[in-house]
Amino acid sequence: MEVLKRRLYCLRAAFHWTIFTHRSYSTAASSLSLQPVTDDQMLLSILESCKLSFNSRTAGSVHGLIIKQGYGMYPLLLSMLIKVYEACEKPKLAHHVLTEICSFNFDMISANLLIDSFIKVGEIDVATKVFNAFSARDVVTWNTMIRGCVKSGLFMEAIGMFREMLGAKIKPDGFTFASVITACSRLGALNHGRWVHDLLIEKKVEENYILSSALVDMYSRCGRIETAKRIFDAAKRTDVSIWNAMINGLAMHGRAMDAISMLSAMEKENIFPNPVTFIGIITACSHSGLVEKGLKYFNLMKDRYSIQPQLEHYGAMIDLFGRAGLLEEAYAMIKEMPVEPDVVIRRTLLSACRTHKNTYMGELVVGEIKHLSSGDYVLLSNIYCSTKKWSSAEDVRYAMNKKRVDKSIGKSWVELHGAIHHFKAGDRSHPETEVIYRVLQALIHRCRMEGYVSSQDLVVMDISEEEKDENLHYHSEKLALAFGILKTSPGAEVSISKNLRTCVDCHSWIKIVSKVLHRVIIVRDRIRFHRFERGSCSCGDYW
């Protein structure tokens with residue numbers, strides 16, 4: 001940020017805001033007594049208040065002070081100013097602010113710094129508008145935007161921007177590929193990832209530990225752990241990050257002993273583990289139910305390597321105990337932590353209470369969460385439903401409605417023929433909805449003949465069994481799988497990604513589908529990978 005300020009300081013005198021007059025600013029500012037305000041954080045607070053109260057008059061006064069006090073290149077202030085004008089339904093003013101930012105004759109370095117500054121404060125939309133306004137772009141410009149998209153969770157947009165970059169005949173470098181590979185990794189888009197990997201080789205970009213780590217992570221997250229292992233074995237393993245990528249990949253696939261063996265291999269190659277290493281090891285133990293080993297490496301981290309546990313390590317330990325049903329031990333660890341537990345740690349225990357149907361502990365944990373999110377309400381409601389406490393579940397739902405809390409939407413997606421198809425529960429927006437639902441109904445019927453019975457305690461209402469079945473049949477992963485089966489040849493593998501944890505009902509159903517159709521079905525949920533084959537799952541029903 002300071003680099004940008006210093007570089008652009010000499011440009012301020014020539015930077016004009018042509019749509020406002022000095023008179024209009026000084027009159028408004030005087031009437032509102034804003035002249036003494038010189039601190040940029042105070043100006044930002046005033047703008048935030050203007051946005052909430054739709055006060056364009058005060059915003060205009062602050063706008064004048066921004067220029068007068070020399071804050072005309074502060075990205076937080078500029079982006080907030082644009083937001084205020086948009087909130088106040090003053091699109092012309094917002095557009096003019098943006099136009100003035102982009103109309104000045106920046107050199108390439110200054111333009112790149114400006115775009116980067118907006119991304120660093122989380123304003124990817126403004127950064128994109130500035131990017132689009134500048135016609136002159138070099139590899140740094142494109143890298144900044146692609147990285148910004150990835151940072152903002154806009155993974156498809158990052159891949160799309162990479163394609164535009166190639167179309168503009170800009171040669172990507174190692175930083176470009178690292179960002180795009182990460183985008184493919186987060187999407188679980190194997191075909192896109194392979195395409196990017198092939199381009200990396202074709203353009204003879206020199207691999208380093210950053211690229212090697214990104215590739216190991218990508219193939220692991222796309223369900224190809226053996227490919228990830230081959231890349232790991234062929235790479236230079238002099239940096240701890242590539243070891244961490246491999247350990248986390250093995251953990252994600254439930255291969256705890258392989259992950260643990262990596263720690264011994266690191267020592268033989270004189271690579272010192274860091275805090276991330278042990279998060280991966282404990283997570284691997286958690287996914288495989290190895291409570292004693294997880295506790296052993298938690299203590300080893302402190303005693304042998306002098307690494308003090310951080311929140312993430314405690315979170316992994318709470319998950320380890322919670323999955324194993326050791327809820328009292330998990331709660332005791334939270335109470336004994338030397339640092340204040342965050343909401344994620346408490347939510348991890350709450351999720352375990354849902355899995356093990358422990359109403360008492362669930363209520364205790366909820367009582368300690370200061371600001372409940374939609375997920376917390378849903379977990380508590382599910383705990384009540386699983387124990388058939390319908391009245392309590394209804395009370396939770398009433399509280400959600402009263403506080404206007406929306407439930408997180410479950411989403412699944414499948415990559416086929418170069419495109420990614422998204423589905424939500426009960427979704428009917430896909431162009432081939434009718435045939436997808438017919439395939440799904442046929443699969444459900446066939447699975448019932450093989451003994452499938454829906455897990456009705458997951459339904460959060462006291463309704464008839466027939467209605468409960470209807471609620472469970474159209475979960476997003478079932479729709480995604482039906483589409484994948486529809487669009488692939490018999491016996492072909494189908495891979496699905498999901499943003500939430502796979503529910504018990506879908507897990508049981510997919511196991512039977514893999515058996516009756518003789519297919520390998522891979523599901524990557526928020527927690528881990530599930531490889532369904534011949535009626536069983538690689539997680540051993542422990543997830």
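User: What makes S4 and strand S5 (residues 529-533) a pair, and in which sense do they run?

Analyst: Two strands pair if DSSP finds at least two bridges between them. S4 and S5 are joined by four bridges, so they meet that cut-off, and they run antiparallel. One of these contacts across the strands links arginine 524 to its bridge partner in S5, phenylalanine 529. With four residues between them, S4 and S5 form a hairpin.

User: Before we go on, what kind of model is this?

Analyst: It is a predicted model, in which local features need pLDDT of at least 70 and side-chain atom pairs count only at pLDDT 80 or more, while totals for chains, interfaces and linings use all residues. Residues are numbered from 1 along each chain as its sequence is written, and side-chain values use heavy atoms, leaving out hydrogens and water. As for the labels, helices (H or I, at least four residues) and strands (E, at least two) are DSSP runs numbered from the N terminus.

User: How do you know that strand S3 (residues 494-498) pairs with S4, and what is the direction?

Analyst: Again there are four bridges, but here the strands run parallel. Isoleucine 496, for example, has valine 523 in S4 as its bridge partner. From S3 the chain passes through helix H28 (residues 504-516) to reach S4.

User: Why is that β-α-β crossover given its particular hand?

Analyst: The word right-handed applies if, with the strands pointing away from the viewer, the path from the first strand over the helix to the second runs clockwise. This crossover is right-handed.

User: What makes S2 and S6 the edge strands of the sheet?

Analyst: The sheet is open, has six strands in the order S2-S1-S3-S4-S5-S6, and its pairing is mixed. Strand S2 (419-424) and strand S6 (536-537) each have a single partner strand, so one side of each has no neighbour in the sheet. The partner of S2 is strand S1 (residues 411-416), antiparallel over six bridges, with tryptophan 413 bridged to histidine 422 in S2.

User: How do you know that both faces of strand S4 (residues 521-524) are covered?

Analyst: Ile521 and Val523 lie on one side, Ile522 and Arg524 on the other, and all are buried. Buried means under 20% relative accessible area, exposed over 50%, and partly exposed in between (1.4 Å probe, protein chains only). In a regular strand the side chains alternate between the two faces of the sheet.

User: What makes the buried residues of H22 line one face?

Analyst: In helix H22 (residues 359-368), Thr359, Met361, Gly362, Val365 and Val366 are buried. They fall within an arc of 160 degrees (taken from the directions from the helix axis to the C-beta atoms), so they line one face. Exposed Tyr360 and Gly367 are on the face turned away from the buried side. The cover over the buried residues includes helix H20 (327-336), helix H21 (343-355) and helix H23 (374-386).

User: Why is the set of 133 residues called a nonpolar core?

Analyst: A nonpolar core is a set of buried Ala, Val, Leu, Ile, Met, Phe, Trp, Tyr and Cys residues joined through side-chain atoms within 4.5 Å. The largest such set here has 133 residues, and Leu47, Val130, Phe177 and Leu349 have the most contacts inside it. Its largest share, eight residues, comes from helix H15 (residues 240-252). Apart from it lies another core, of 31 residues, including Ile436 and Tyr452.

Note on methods: Contact = heavy atoms within 4.5 Å.
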